[in-house]
Amino acid sequence: MSFLARRATAAAPSLSRAFSVSARREISKITVVGNLAATPEVKATSTGREVVEYAVASSSGPRDNRHTSWFRISAFLEQGPRRDFLTSLPKGATVYVEGDAIMNSYNDSEGKPRTALNIYQRTIEVLRRPAPTEPPT
C-alpha cells in the first residue's frame, strides 16, 4: 500500500476514539462565575430526593452598558458537610461553578414552546464572601 493510500485510510473517520478509552458522553460542560442571588435552598423532588437549588448572576460589558445573565443551578448532594457548606453561603458570595449543561424543551401553561438551560453542579469554589454588615445602632 502506498504512503498516500495509508494516509487516506488513516485520516478517514472511524467509530472508535483512539484518544480516549472512556465511554462517549453527550454532555455539555459549563463554567459560571458570578454572585449568589440568594442563599441556596434544599428542596424535595417529585421522587422524594433532595436537591440544593440556587441562582448565580453573572455580569458582562462596560460599566455604563452592563448586562446580567441569571443561571439556575441544581446540586444533588447527600446530607453532610458539603451540603451544609453550600447552604450556608450568603447572598452575594462570588462563586466559581463547574457543571453539566442540558437544554430542555417544554410547553408553558399557555401552550407556548419554551426552552430552559439546566445546570447540574459538579464543583463549586467560593472566590469571595460578602463583607459582613453591621446592624444599625
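Ile102 sits in strand E5, where strands (E, at least two residues) and helices (H or I, at least four) are DSSP runs numbered from the N terminus. At 35% relative accessibility, Ile102 counts as partly exposed, a label for anything between buried (under 20% relative accessible area) and exposed (over 50%), with a 1.4 Å probe and protein chains only. This is a predicted model, so local features need pLDDT of at least 70 and side-chain atom pairs count only at pLDDT 80 or more, while totals for chains, interfaces and linings use all residues. Residues are numbered from 1 along each chain as its sequence is written, and side-chain values use heavy atoms, with hydrogens and water left out.

**Around strand E5**

- Ile102 is in contact (heavy atoms within 4.5 Å) with Ala116, Leu117, Asn118 and Tyr120, once its neighbours within four places in sequence are set aside.
- Ile102 and Ser28 lie 74 residues apart in sequence, yet their C-alpha atoms are 6.8 Å apart in space.
- Thr94 also has its place in strand E5, and it counts as buried because its relative accessibility is 14%.
- Not counting residues up to four places away in sequence, Thr94 touches Gly34, Asn35, Glu125, Val126, Leu127 and Arg128.

**The nonpolar core**

- The largest nonpolar core has 15 residues; such a core is a set of buried Ala, Val, Leu, Ile, Met, Phe, Trp, Tyr and Cys residues joined through side-chain atoms within 4.5 Å.
- Leu36, Tyr54, Val56, Ile73, Leu86 and Val95 have the most contacts inside this core.
- At least two core residues come from each of strand E1 (28-36), strand E3 (50-60), strand E4 (67-75) and strand E5 (94-107).

**Tyr54 and Gln121**

- Gln121 belongs to strand E6 and, at 13% relative accessibility, counts as buried.
- The side chains of Gln121 and Tyr54 are joined by a polar contact of 2.5 Å, meaning a pair of N or O atoms within 3.5 Å; within protein, one must be able to donate a hydrogen and the other to accept it, and residues adjacent in sequence count only if both atoms are side-chain atoms.
- Leaving aside neighbours within four places in sequence, Gln121 has Tyr54, Ile73, Ser74, Ala75, Leu77, Leu86, Val97, Glu98 and Gly99 as its contacts.

**Strand pairing**

- E3 and E4 pair in the antiparallel sense over nine bridges; strands pair if DSSP finds at least two bridges between them.
- Ala55 has Arg72 in E4 as its bridge partner.
- The hairpin of E3 and E4 has six residues between the strands, and Gly61 takes a positive phi near 100° there.
- E4 and strand E6 (residues 113-128) run parallel and are joined by two bridges, with Ile73 opposite Ile119 in E6.

**The whole protein**

- There are two helices and six strands, and from the N terminus on they run α-β-β-β-β-α-β-β.
- Of the 137 residues, 21% are buried.
- Among contacts with a separation of 6 or more, 56% come from residues 24 or more positions apart.
- The protein exposes about 10,700 Å², with carbon and sulfur atoms supplying 52% of it; the areas come from the Shrake-Rupley method with a 1.4 Å probe, and for residues only the protein chains shown count as cover.
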